[in-house]
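Here is a walk through a structure, going from whole chains down to a few single residues. Have the sequence and the 3D view open as you read.

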Amino acid sequence: MLRGFALFLLLSTFSVEMANCAAFTFTAIPDEDETRLHSRFDKVASYLSQELGVEVKFVPVKSYSAAVTAFRNNQVQLAWFGGLSGVRARNLAPGSSAIAQGYEDQFFVTYFIANAKTGLKTSDELQKAIAGKTFTFGSKGSTSGRLMPEFHIRNLFNKAPDEVFSRVGFSGDHSRTIALVQSGAYDIGAVNFKVWENELKAGKIDESKVSIIWETPTYPDYQWTIRGDVAKTWGDGFTQKVQKALLDMNDPDLLASFPRKSFVKATNSDYEPILKVGKSIGLLD
Amino acid sequence: MAKGAVTPDFFATENLVGTFFNTVAFALLGVAFGSIAGFFLTLVFHHRAVKVFCAFIRAIHELFWALIFLQIFGLTPVTALLAIAIPYSGVFAKVYSEILEEADTAPLRTLHPETSRLSALLYARLPDSMPHILSYTLYRFECGLRSSAVLGFVGLPTIGYHLESAFAQGNYSEVSGLLILFYLVIASMRWWVRPKLLPVYLFVSMFAMRGGAEINWENGYRFFASDIVPHPVRVAENFDLTTMMGLLEWTRKLIMTQAYPGLLETIPLTMIALVCTGVFALATFPLISPLFFGARLRLAGHIFLVIIRSTPEYILAYIFLQLWGPSAIPAILALSLHNGAIIGHLIGRRTEKHELRQDSSTGLNLYAFETLPAVYPNFMAFLFYRWEIIMRETAILGILGIHTLGFYIDSSFSDMRFDRAFFLILITALLNIGIDWFSGFLRRRLRLRTTPDDGKS
Amino acid sequence: MFDLQNVTAGYGGKDVLHGVSIHIKKGERVSFIGKSGAGKTTLLQLMYDKNRSNTAIIPQDWGLVKSLSVFHNIYMGKLNEKPTWYNIANLIHPMAGEVEPVREIACKLGLEEKLFTPVGSLSGGQKLRTAIGRAFYRSGSVLLADEPVSAVDDHQSREVLQYVNDTFETVVLSMHDVDLALEYSDRIIGLKDGQVVVDTPTRGIKKSDLDKLYLN
C-alpha cells in the first residue's frame with residue numbers, strides 16, 4: 001500500500017500542469033501539425049516571458065472554438081487566431097483588440113486543390129466543373145479552409161456547398177485536407193496557402209497527384225488578439241508591450257512556428273471584410 | 001498504417017506518463033463521484049421525477065457533457081470529472097436500484113415500520129447486494145477509462161488528445177504504441193484495482209487535480225442565462241409577439257435544416273448497426289466457448305474480443321474513417337465490432353455452463369440446433385440493452401463528420417452557437433430516452449432477462 | 001391482541017384465505033397447522049401487517065442478512081429507535097453501548113462467540129437463534145414465526161421452542177410438525193383450503209384428531 005502511494009505521488013508530479021491564473025497565458029488555433037505543439041510554442045512562451053518580464057505560458061487546444069472559448073473565459077489572455085475565429089473572439093470578449101498580424105496575412109489567399117484523377121487544371125477563375133465532385137473544407141471554424149472558400153462557392157453557384165457537391169466534409173485541419181485530396185478520399189479541397197507552401201517545402205506533397213486549380217482573391221487572415229482587461233493584472237501599457245514584443249520577434253526559429261516572415265501591426269477594423277463575409281453566408285449572427 | 005501497427009513507438013508522445021496518469025485519474029474520480037451520486041439518487045429513485053431526471057442525464061453522451069462544461073470551466077480537470085460523473089451517476093442510479101430491487105426482501109419486512117429509509121437500505125438490502133454492486137462498479141470503471149480516453153478528442157489532456165494528433169499526422173507507430181499501452185492498462189486492472197488501494201488512488205488523483213479547481217461562476221451563469229437562450233429571445237428587448245414569431249421561426253428552421261436531416265441519418269444508422277452487432281456477436285461467441293474450441297484457441301479468441309471491445313468505438317470509427325473516407329460504413333462497422341464483441345463475450349461466457357449430452361452433435365449442427373436456441377433469449381436481451389448505447393454513440397460519431405445529429409451539434413459548438421447546440425442535445429436526449437423506454441417495453445413484453453451486471457452500460 | 005373478523009385475502013387476484021375469523025389474546029401460545037398451501041403463511045403475514053409496530057416476525061428461511069454479523073442482525077430489530085447517522089456509525093464500528101444489550105441476548109442463545117461472525121457462515125441452528133435474537137430485541141413480547149424449526153434437528157427444535165416460550169409473552173407459530181405443535185402450544189388452529197376448520201385448546205387433543213386436516 002505504501003509503495004503504491006509513493007509510486008502515485010511520483011506519477012502525479014509528471015501530471016500535466018493546468019492553467020494557472022498567475023501566468024500570462026496564450027494559445028494558438030490548431031491549424032496544422034498538432035503534435036509537438038508544446039515544443040513549438042514553449043519557445044515562443046519563453047521569448048515573450050523574457051521580453052515582458054512576466055511568467056508566460058502556452059496552453060494547447062484541440063479546436064478553433066476551444067481557443068475562442070478559452071479567450072472569452074479569460075483562461076488565455078492572448079491568442080493567435082484565424083480571421084474568423086478572431087472576429088468571433090472579439091465579439092464575445094468586448095474590449096479586446098487585434099494587435100499584430102503576420103506579414104503574409106495582409107494579403108492571404110486560399111488554394112483550391114484537386115486530385116489529378118479529376119482532370120481539373122489551373123485556371124484564373126473558379127470553374128463550374130467542380131460541381132458534383134466530392135469536396136472537403138478544413139476545420140469548421142477556419143477562415144481560409146471554410147469561410148472564404150464557402151463564400152466563393154456560394155458566389156459562383158448561388159447555392160450552399162451541400163447542394164453543389166456530391167459530398168462535403170470537414171477534414172479538421174489544412175494538413176489533413178492536403179492528405180485527403182492527395183489520397184483521393186476527396187476530389188477537391190480548400191487549403192490555407194501558407195500550409196500548402198510549408199508542406200511542399202517539407203516534401204510532403206506529391207504534385208503528380210494533387211495540384212492547385214484556383215487561387216482566391218486576397219483577404220486578411222491570422223492575427224494576434226489580446227484581451228482588453230490585461231492592464232488590470234499586468235499594469236498600464238501592457239498591451240503595447242506585448243505588441244512591441246510581437247513586432248520585434250525576428251528569430252527565424254520562432255517565426256517558423258507560425259510560419260510567418262515577420263509580424264506587422266493590425267487593428268480590429270482590418271477584419272471588417274471577414275465580418276461581412278461571415279454574416280453574408282450565415283456563419284456569424 | 002499496417003506498418004505502423006506492427007512497429008509501435010511507445011515514446012513518441014509528449015508527456016506520456018502524465019497523459020496516462022490523467023486518463024486513469026479522470027476515470028477514477030469521475031466514476032467514484034458518479035457512483036456516490038448514483039447511490040444517493042438510488043435512495044429517491046422510486047420518485048418518477050428522479051427516474052426521468054436520471055434517464056435524461058444518462059441520455060447525453062460524455063463528449064456532449066464535456067463540450068458543455070468546456071464553455072464553463074475550460075480545459076480543466078473539473079470539466080473531465082463532471083463529463084464522466086454526471087452521465088455515469090444516472091446509469092449507476094438505475095442499475096443500483098435494479099440490483100437492490102432484486103435483493104431478498106425478507107430481512108426488510110422484519111424491520112420496525114418506523115425505521116428510516118436509509119437505515120433500512122443500509123442494513124437490510126445493501127450488504128447482501130454489495131458483491132453485485134461492486135462488480136458492476138468495477139465494470140463501469142473500465143468503461144470510464146474508455147470515456148476518459150475519448151475526452152482527449154475535445155482537448156482534455158488524456159490519451160485521446162495524442163491519439164487524435166498522431167492520427168492526423170499519420171504517425172501510426174505512435175498510434176499503435178498508445179493503443180497497446182491502453183490495452184495493457186485495462187487488461188492489468190485486476191492487479192492494480194484493489195479496494196484497499198482505492199482511497200490512496202483517489203487521494204492522489206484529487207491532489208494532482210487541485211490546480212485546475214478554480215471555478216469561475218460568471219462563466220457558468222453566462223452560459224445558462226445567456227448563451228443557451230435561443231438567439232431571437234436573447235437579442236430581443238422584451239418578449240413580445242415579434243420575439244415569439246422569431247423564436248418559432250428559429251425552432252422551425254433548426255428542426256427542418258438540422259434536427260430532421262440528423263434524425264434521418266441517425267436512426268437508420270443505428271438500426272443497421274444494431275443488426276450488424278447481432279450478427280457479429282453470433283459469429284464470434286463460439287470463439288471463446290468451450291463447446292466449440294480447445295483452451296488454446298479460446299485464449300486467442302479472448303484476446304481478439306478484448307482488443308476489439310477495449311477500443312472505444314469512437315477510436316475504431318476514427319481508424320476506419322482514415323481508411324475509407326467519410327461515409328456511414330466506418331460508423332456502422334465501428335459500432336458493430338465494439339458492441340458485437342461485448343455481447344459475444346457475454347454470450348460465450350454463458351455457454352460455459354451448458355452441459356452437453358453424450359450424443360450431442362458437433363460443429364455447425366451443434367451451433368444451429370442446440371447452442372443458438374439455448375442462448376437466444378439471452379442474446380436478444382443483451383442486444384436490446386445495447387440499442388440505446390448504440391444510439392448514443394451514433395450521435396457522437398457525428399463529430400467525426402458523419403452527418404448524424406452529433407455532426408450538427410458539433411457544428412453549432414464550432415460556430416459558438418450554444419443555443420442551437422443545446423436545443424439539438426435536448427433532441428438527442430429525448431430520442432435516447434424514447435429508445436430506452438421502448439427497448440425496456442419490448443424486453444418486458446418478450447420476457448427477456450439478463451442478470452443485472454451483464455451487458456448494461 | 002390479534003383480532004381478525006371474516007377476513008378474505010390472497011395474491012394476484014387469487015384468494016388464499018376465505019372468511020377467516022380469529023381472536024388471539026395476550027399470553028397465548030398458538031400454533032397454525034395444515035398442509036402447505038392451506039394459508040398459514042398468508043395468515044401470519046396478515047396478522048403481522050396489522051400489528052407491525054409492536055410485533056416481531058421470523059419469516060420462512062428466517063430473513064437474515066447473510067453478509068452482516070450476528071450483532072448487526074440482532075441490532076436491526078431496533079433501527080427505528082436511533083437516528084440514521086447513528087445507525088450508519090454502528091454499521092461501520094459497533095459501539096460498546098449497543099454491543100452490551102445485544103451480547104446479553106446472544107449469550108442466552110449460545111451465540112456469544114459468534115457475535116461478530118457473518119451470519120452466512122453459521123450453521124442452521126445458529127441462524128435460527130440469530131433470527132430469534134433479532135425478534136426478541138425488536139419486540140420482546142410478541143412473536144410471529146413461520147415454520148421456524150422446519151430446517152433444524154429435533155433436539156435443537158425443542159431447545160429453541162422452549163426458549164421462545166420462556167422469553168416471549170405471546171407466541172404464534174406456523175408448524176409443519178404436529179407433535180412439536182401439540183407439545184409447545186396451548187392452542188391449535190387448523191387451516192384447510194384457506195379456512196379455519198379446527199380451533200381448540202391443546203389439552204386433551206390427540207394427533208389423530210387432526211388427521212382430517214391432511215386428508216384430501
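In what follows, contact means heavy atoms within 4.5 Å. With that in hand, take chain B: among its contacts between residues at least 6 apart in sequence, 78% join residues at least 24 apart. Keep in mind throughout that this is a predicted model.

Of the 457 residues in chain B, 60% count as buried. The accessible surface of this chain comes to about 19100 Å², and 67% of that belongs to carbon and sulfur atoms. As for charge, chain B carries 35 positive and 32 negative side chains, with the centres of the two sets 7 Å apart.

## Chain A: helices plus strands

Chain A has 12 helices and 11 strands. Its radius of gyration is 20 Å, close to the 19 Å that the globule rule gives for 285 residues, so chain A too is as compact as a globular protein of its length. Along the principal axes, its C-alpha trace spans about 65 × 50 × 35 Å.

How much of chain A is buried? The share is 58% of its 285 residues. Among contacts in chain A between residues at least 6 apart in sequence, 79% join residues at least 24 apart. Chain A exposes about 11500 Å², with carbon and sulfur atoms supplying 51% of it. There are 32 positive and 31 negative charges in chain A, and their mean positions are 4 Å apart.

## Who touches whom

Two pairs of chains are in contact, and chains A and B share the most contacts. Which chains have no contact joining them? That would be chain A and chain C, whose closest C-alpha atoms lie 22 Å apart.

Now zoom in on C:Glu28, which sits in the loop between strand 2 (14-24) and strand 3 (29-33) of chain C. Is C:Glu28 buried or exposed? At 14% relative accessibility, it counts as buried, because the cut-off for buried is under 20%. The side chain of C:Glu28 makes a polar contact of 3.0 Å with the side chain of C:Arg187. Leaving aside neighbours within four places in sequence, C:Glu28 is also in contact with residues including C:His23, C:Glu169, C:Thr170, C:Val171 and C:Asp186.

Most residues other than glycine have a negative phi, and most peptide bonds are trans. With that as background, have a look at the bond between A:Phe258 and A:Pro259: it is a cis peptide bond, with omega about -20°. You will find A:Pro259 in the loop between helix 11 (252-255) and strand 11 (263-265) of chain A.

Over in chain C, two residues are worth a click. C:Asn6 has phi near 50°, a positive value in a residue other than glycine. It is placed in strand 1 (residues 2-11) of chain C, and at a relative accessible area of 58% it is exposed. C:Asp193 likewise has a positive phi, near 50°. This residue is in the loop between strand 7 and strand 8 (195-201) of chain C, and C:Asp193 is exposed, with a relative accessible area of 57%.

Conventions:
Residues numbered from 1 in each chain as written. Chains lettered and ligands numbered in written order. Predicted model: local features only at pLDDT ≥ 70, side-chain atom pairs only at ≥ 80, totals over all residues. Heavy atoms only, no water. Buried < 20%, exposed > 50% of the residue type's maximum accessible area, 1.4 Å probe, protein only. Areas by Shrake-Rupley, 256 points an atom, 1.4 Å probe, with all protein chains shown as cover. Lys, Arg positive; Asp, Glu negative; His and termini not counted. Charge placed at Lys NZ, Arg CZ, Asp CG, Glu CD. Helix = DSSP H or I, 4+ residues; strand = E, 2+ residues; numbered from the N terminus. Polar contact = N/O pair within 3.5 Å; in protein donor to acceptor, adjacent residues only side chain to side chain. Rg over C-alpha atoms; globule rule 2.2 N^0.38 Å.
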